[in-house]
Each structure stands twice: as C-alpha cells, then as structure tokens.
Amino acid sequence: MVSNLQSRAPGGRERCKIRVMPDALGSVGLRLFEPRRATITLTTLLVLHVFAFLVFYPAGVTVADEGTYVRQAQLILSGSTSIERVDPFTGEDVAFQPITRYPLGTALVLLPFVALGGREAACLASLLCTVLAVGVTGRWLYESGRSPLFAALVLAYPPTLVLSRLAMSEAASLLVVALALWFHGRGQTRGARWLFAAGLAGGLSFAFREANVLLLAPFFLGSLLRRDTGWPALVVGGALGLCVRALSAWFFFGDPFFTKAPDAFSLEAIASTAPVYLFSLLVFVPGGLVAAFAYRGPRRPELIATVALFVLFHLAYAYSGEPSGWAKRLVLGPRYFVPLLPVLAYASAEVWPRLAVWLRGRAGNRGDALEQGAGLAAMAATALLAVAIVGVQWAHAEWSRDQAVIRSAILEHTHAGTTVVTNWKATGKFIDLVDDDRVILPREGMGSSLIERLLAEQDFFYLVLLDRSDSVFWRRDAFDNAMFVSGIRHRKEILVDLEATPTDRLRIWRVRD
C-alpha cells in the first residue's frame with residue numbers, strides 16, 4: 001500500500017505530492033526522502049562540499065583544458081584576442097592567438113573570478129555552478145513530485161566532485177542545463193514566461209559546449225510537437241540564447257559561426273569508450289542508465305531520446321581520457337556526462353520508488369525487513385557520500401600541490417623574457433601565456449637547424465621537459481624528450497632534476513652555444 005504525502009505552500013495551496021510507503025516513515029533512513037528532510041540533507045551535503053573545498057583549496061591550474069579556459073578569460077579582460085611576443089629568430093614583435101578554440105561561455109563565467117582573484121580564483125566559478133546546479137535539480141524534482149534527495153546523485157558522481165574544483169566547462173554546462181530543464185518543467189503549468197526562460201537557458205548552453213544541445217533538443221521539440229501553451233516563447237528564448245554564442249565568437253574569433261574543428265567520430269571508438277562510459281553510467285550513477293530506459297513518467301519519449309542521443313554521441317567520440325592513465329581516465333572521459341546528471345536523477349527519482357513499491361507488494365511478510373534494509377542503505381549511501389566529498393577534495397588538493405611544485409620550479413629557474421623550449425602538451429598548463437612574457441617554443445617543432453638559428457640570435461635558451469609515465473601516450477612523449485635531449489650537441493647545464501610525483505619528472509637545462 002502507498003499513500004500520498006502532500007506538501008503545501010503558505011496559504012494552503014498544494015505544491016506537490018510525493019509517493020511514500022506509510023511504514024517507511026518509521027524508518028530513519030527512508031524518512032530522508034521526505035521533502036523537508038531531503039532538503040535538509042541535501043543542503044548539509046552542499047555545505048560540507050563548500051567547506052571541504054575551502055579547506056582543501058586547489059593549488060592552481062592543474063589540467064591543460066583548464067588553462068585554456070582561464071587563458072580565454074585573461075585575454076577578454078585584457079581587451080584583446082592575441083598576445084605579443086618577440087620572435088626569437090628575427091627579433092621582431094609578433095602577435096599571435098594562443099591555442100584557444102573553445103566556445104567562450106565558460107570564459108565569460110570565469111571573468112569576474114579571474115578579474116578579482118587571478119588564475120587561482122577561477123575554480124570558484126565551478127564550485128558555485130555545481131552547488132547551484134544541485135540545488136536547482138533538487139527544486140525541479142520537488143516541484144515534479146519527487147524526492148529532492150535524488151539530486152544528491154549529481155554530487156555523488158565522482159567526476160562532478162573533481163570538476164567542481166577545476167575551471168572547466170562541465171560545471172557551467174551542468175548549471176545551465178539544470179536551469180533549462182527546471183524552467184521547462186515549470187513552463188508546462190505556469191505559462192509562457194517559463195518556457196521563454198527555458199529556451200534562453202537552452203540557447204545559452206550552446207555557448208559552453210555544442211553537445212549540450214542534445215540534452216535539451218528532445219524536450220524542446222516535444223513541446224513544439226505537443227503544442228504546449230506558450231511554445232512560441234520557447235523558440236524566441238532559444239534564438240536569443242544562441243545569440244550569445246554568435247556574438248562572443250564574432251568578438252573573439254572574428255566569425256559568429258566559428259566552431260572548433262571537430263575531433264574524430266567513429267564506430268571503432270565505441271570499443272574504447274564503452275567500458276569506461278557504461279561503468280560510469282551504471283556504477284558512478286547507480287543504475288542510472290537502467291533508470292533512464294525504465295522511466296515511466298511524464299515526457300517519457302523525450303527523456304529516453306535525450307539519454308540515448310547523448311550517450312551514443314559520446315560513445316562514438318574518439319576520446320576516453322586514455323592518454324592520461326587509468327585513474328585520471330575515470331574522470332576525464334566520464335566528465336562529458338556531468339550535464340546529463342539532472343536527467344538521470346529525474347529518472348531515478350521516478351523509477352526506484354516505483355520499484356520499491358513493487359518489491360514491497362511482492363515481499364509479503366518480509367516487507368518490513370525490506371523497508372528497514374532500504375532505509376539502512378539510504379543512510380549508508382548518504383554517509384558514504386559525505387566521506388567521498390571530503391576524501392576527493394583532500395586527494396585533489398594533495399595532487400594539485402604536487403603540480404604547484406612543478407609550476408614553481410619552472411618559474412623559479414627560467415627567467416622572464418627568455419626563450420623556453422618545452423614539451424608543451426605536458427607543461428602548457430603551468431605557464432601563463434597572457435601575463436608572462438616568456439617566449440614558448442614547442443619541442444615538437446624544434447629541429448637542429450632551428451636550434452642553431454636560435455643560438456645565433458641569443459646567448460642561451462631554457463629547455464624544460466616534463467616526463468610523465470602514467471600512460472603509454474606519456475611514456476612515448478618521455479621517450480621523445482630523451483631523443484630530443486640526446487640530439488642537442490650544444491652545452492647543456494642542468495638546473496633542475498625533480499621527481500615531483502612517482503609519475504612526473506621535471507628537468508630544466510640552460511642550453512648555450
């Protein structure tokens with residue numbers, strides 16, 4: 001048997017109904033799913049997350065893509081789209097645009113944080129976006145008659161915990177998608193202004209990552225086909241939101257339709273991506289993919305189409321984080337599904353309570369024991385999430401401090417205004433191209449003839465090489481470093497030989513004629 005637990009707004013107006021089992025209210029664990037207790041629990045977890053973030057504050061930029069987004073924000077703040085450097089081969093001033101081809105939505109979100117606190121404050125934007133996104137998802141669930149506690153699935157996803165500490169696009173995408181879905185849900189009953197807001201948020205999502213469109217297009221198309229009241233407002237809002245992407249691209253790249261060259265997509269990529277991605281969608285989000293296809297609530301075709309399109313798109317995308325090693329791969333690949341989490345939480349909030357009711361009916365005399373077990377499981381999962389929040393933040397802080405040691409060594413032993421030859425893929429995240437006047441030359445483009453020309457123009461240059469051993473890709477890069485060093489016949493004075501971590505070895509030379 002089940003009953004409806006009603007929540008009423010001030011004045012007695014019914015706000016939502018959440019289905020619960022009467023006997024379950026006697027279980028401390030299952031009572032966590034009641035609206036008030038769920039809100040308190042979710043808020044407590046978010047406060048803990050913020051507290052742990054501040055206690056274990058990231059020591060700086062630690063991921064290459066993070067450096068790219070921060071660099072975009074720095075360039076916008078400088079009022080320019082390029083930087084000037086002295087060409088070490090000719091001595092002439094040249095302007096060039098650093099490697100930054102991503103949509104500018106993330107950089108625009110980072111702007112106030114970078115302006116007030118520099119590169120080290122950029123990660124606060126992701127923290128804020130994550131906290132707001134979880135709260136918005138909880139509100140969406142509550143107004144849909146589901147327990148807000150299922151929004152904790154968004155925070156419990158390990159890549160969410162890590163990405164909330166990095167100035168990258170995932171947290172911002174998560175927030176704007178959650179807002180669009182919440183507004184769209186409100187628009188079904190509260191009028192055109194909410195559908196306009198949903199369209200606006202949906203259009204804005206395109207300014208962060210192109211694939212975000214796949215998360216919202218089925219829901220929006222469903223509104224058009226169903227002729228929802230106020231659907232023209234959805235179209236107008238979407239068009240206005242898309243203008244942000246076009247205007248920012250026109251300002252920064254000179255082309256309103258600029259898009260980063262697409263990476264490879266192929267059916268062969270599925271063999272590499274499927275194990276990691278399916279693991280993340282079934283284990284990191286417990287049964288999340290199953291819940292999506294078992295969903296029986298409103299807008300079922302739209303929800304299933306959203307999950308299917310988004311998952312298939314990324315399965316065929318030829319990147320799974322493999323070059324970064326297995327541990328980082330569990331974050332860097334599955335991070336693409338962070339914006340999908342509100343949809344999976346919404347589906348889970350419908351499927352698992354329905355399954356619990358079905359099991360309770362089948363259990364007969366064992367129903368009470370089943371309820372108690374489910375309650376204990378809920379309490380254990382909440383406690384485990386609290387431990388994970390603190391543990392992940394601590395672990396990332398320790399790793400970021402190790403990365404900060406590498407960055408400090410590079411800055412300390414290479415002087416401003418000098419030329420640095422380096423394996424840029426490994427060291428680029430440590431070097432501030434915008435506010436630092438070092439001239440960077442990628443190792444990959446430096447042959448013996450260019451080294452001769454370089455030393456003919458200046459007395460010396462720095463050679464900065466970071467050897468990594470955490471994957472086949474990086475071990476191959478370290479081998480290329482060794483071959484490059486052995487090919488230099490000029491005098492090399494070793495300045496640094498640092499084992500920063502078990503997998504990271506930094507060496508710096510001063511090379512003279």
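Mentor: Start here: Trp140, Tyr295 and Tyr346 form one aromatic cluster. Rings of Phe, Tyr and Trp (its six-membered ring) pair if their centres lie within 6.5 Å; planes under 30 degrees apart count as stacked, over 60 as edge-to-face and the rest as tilted.

Trainee: What kind of model is this, and how are residues numbered?
Mentor: This is a predicted model, where local features need pLDDT of at least 70, side-chain atom pairs count only at pLDDT 80 or more, and totals for chains, interfaces and linings use all residues. Residues are numbered from 1 along each chain as its sequence is written, and side-chain values use heavy atoms, with hydrogens and water left out.

Trainee: How many aromatic pairs are there in the whole structure?
Mentor: A search finds 17. Take Phe53 and Tyr57: the ring centres are 5.5 Å apart and the planes sit at 85 degrees, so this pair is edge-to-face.

Trainee: Which charged residue lies over the face of Phe53?
Mentor: Arg165, at 5.4 Å from the ring centre. The charged end of Arg186 sits over the ring of Trp194, 4.6 Å from its centre. The test is NZ of Lys or CZ of Arg within 6 Å of the ring centre and within 35 degrees of the ring normal.

Trainee: Switching to salt bridges. How many does the structure hold?
Mentor: It holds 20. That means a side-chain nitrogen of Lys or Arg within 4 Å of a carboxyl oxygen of Asp or Glu.

Trainee: Which residue does Arg335 bridge to?
Mentor: Asp65, with the closest N and O atoms 3.5 Å apart. Arg335 lies in the loop between helix 14 (326-332) and helix 15, while Asp65 is in helix 2 (residues 64-77), so the pair ties together parts that are 270 residues apart in sequence. Arg335 counts as buried, at 4% relative accessibility.

Trainee: And Arg209, which side chain does that one meet?
Mentor: Glu170, at 2.7 Å, N to O. Arg209 is in the loop between helix 8 (192-205) and helix 9, and Glu170 is in helix 7 (residues 169-190), so this pair ties together parts that are 39 residues apart in sequence. Glu170 is buried, with a relative accessible area of 1%.

Trainee: What about Arg438 and Asp436?
Mentor: Their side chains meet in a salt bridge too, 2.4 Å from N to O. Arg438 is buried at 8% relative accessibility, and Asp436 is buried at 13%. Separately, salt bridges that share partners join Asp65, Glu170, Arg209 and Arg335 into one network.

Trainee: New topic: the surface. Which residues make the nonpolar patch?
Mentor: Leu278, Phe279, Leu282, Val283 and Val290, for about 390 Å². Patches take residues with over 30% relative accessible area and no salt bridge; like charges are joined within 9 Å, nonpolar side chains (Val, Leu, Ile, Met, Phe, Trp, Tyr) within 5 Å. Areas come from the Shrake-Rupley method with a 1.4 Å probe, and for residues only the protein chains shown count as cover.

Trainee: Which helix gives the most to that patch?
Mentor: Helix 11 (residues 270-284), with 4 residues. Phe279 is in helix 11 and is partly exposed, at 37% relative accessibility.

Trainee: Last one. Where is Arg227, and what is its phi?
Mentor: Arg227 is in the loop between helix 9 (213-226) and helix 10 (231-253). Its phi is near 55 degrees, a positive value in a residue other than glycine. Arg227 is exposed, with a relative accessible area of 58%.

Key: Helix = DSSP H or I, 4+ residues; strand = E, 2+ residues; numbered from the N terminus. Buried < 20%, exposed > 50% of the residue type's maximum accessible area, 1.4 Å probe, protein only.
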